[in-house]
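Here is a friendly walk through one protein model, meant to be read with the structure open beside you.

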Amino acid sequence: MIMIDKIAWISIKDGKVLGARSKGKETYYFPGGKREVGESDIETLVREIEEELTVQIDKESVQFFGTFEAQADGKASGETVRMTCYTGDYTGELAPAAEIDEIAWLDEKDRDRISAVSQLVFDQIYS
């Protein structure tokens with residue numbers, strides 16, 4: 001079994017959660033990514049969010065949100081993703097960068113536009 005280890009940022013504003021769509025993809029994900037060798041969850045979160053969205057996460061405000069596992073989107077059957085999610089305040093202006101083509105504030109009506117693992121996060125947010 002293959003497990004993809006991902007760190008993600010959950011940013012909720014006015015009842016909507018921030019999603020990001022990569023270039024060439026239709027599906028929205030929560031911003032974040034894979035850790036580099038030796039990185040902690042928080043270091044990964046801070047680096048990935050700055051790379052993808054041009055904002056700086058306030059390390060002191062970061063809170064664990066949950067860990068979710070599901071079939072990895074667009075991967076072979078049995079290939080799963082484990083997404084460890086954190087909330088946290090940020091400074092700067094949100095803007096798509098690196099591989100991110102678009103960002104959007106999503107809510108329950110957008111469930112069909114997000115990945116399987118992201119739907120589990122939606123279940124926790126909107127239950």
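Predicted model: local features only at pLDDT ≥ 70, side-chain atom pairs only at ≥ 80, totals over all residues.

**Two loop residues**

Ser115 belongs to the loop that runs between β10 (100–106) and α2 (116–125), while Gly78 is placed in the loop between β7 (63–71) and β8 (80–87).

| Residue | Relative accessible area | Class |
|---|---|---|
| Ser115 | 3% | buried |
| Gly78 | 36% | partly exposed |

Ser115 counts as buried because its relative accessible area of 3% is under the 20% cut-off.

Which residues does Ser115 touch, leaving aside its neighbours within four places in sequence? With those neighbours left out, Ser115 is in contact with Thr27, Tyr28, Tyr29 and Asp73. For Gly78, again leaving aside neighbours within four places in sequence, the contacts are Met1, Ile2 and Gln71.

**The nonpolar cores**

The largest nonpolar core has 19 residues, and Ile10, Phe30, Met83, Cys85 and Val121 are the ones that touch the most other members. Two or more residues of this core come from each of β1 (3–9), β7, β8, β10 and α2. In soluble globular proteins, nonpolar side chains tend to be buried together.

Leaving aside its neighbours within four places in sequence, Phe30 is in contact with Lys6, Ala8, Trp9, Ile10, Val17, Leu18, Met83, Ser118, Val121 and Phe122. Another core lies apart from the largest one; it has twelve residues, including Trp9, Val46, Leu53 and Val55.

**The largest pocket**

What is the volume of the largest pocket? The volume is about 500 Å³. Its lining is made up of 25 residues, and Lys6, Ser22, Lys25, Tyr29 and Lys34 lie nearest the centre. The elements that each give two or more residues to this lining are β1, β3 (16–22), β5 (32–33), α1 (41–53), β8 and α2. Of these, β3 gives the most, with three residues. Sorted by class, the lining holds eleven nonpolar, nine charged and five polar residues.

How values were computed
Residues numbered from 1 in each chain as written. Heavy atoms only, no water. Helix = DSSP H or I, 4+ residues; strand = E, 2+ residues; numbered from the N terminus. Buried < 20%, exposed > 50% of the residue type's maximum accessible area, 1.4 Å probe, protein only. Contact = heavy atoms within 4.5 Å. Core = buried A, V, L, I, M, F, W, Y, C linked by side-chain atoms within 4.5 Å. 1 Å grid on protein atoms, 1.4 Å probe; cavity = no way out; pocket = protein on both sides within 12 Å on 5 of 7 lines; lining within 4 Å. Points joined across faces, edges and corners; volume = space filled by probe spheres on them. Nonpolar A, V, L, I, M, F, W, Y, C, P; charged D, E, K, R; others polar.
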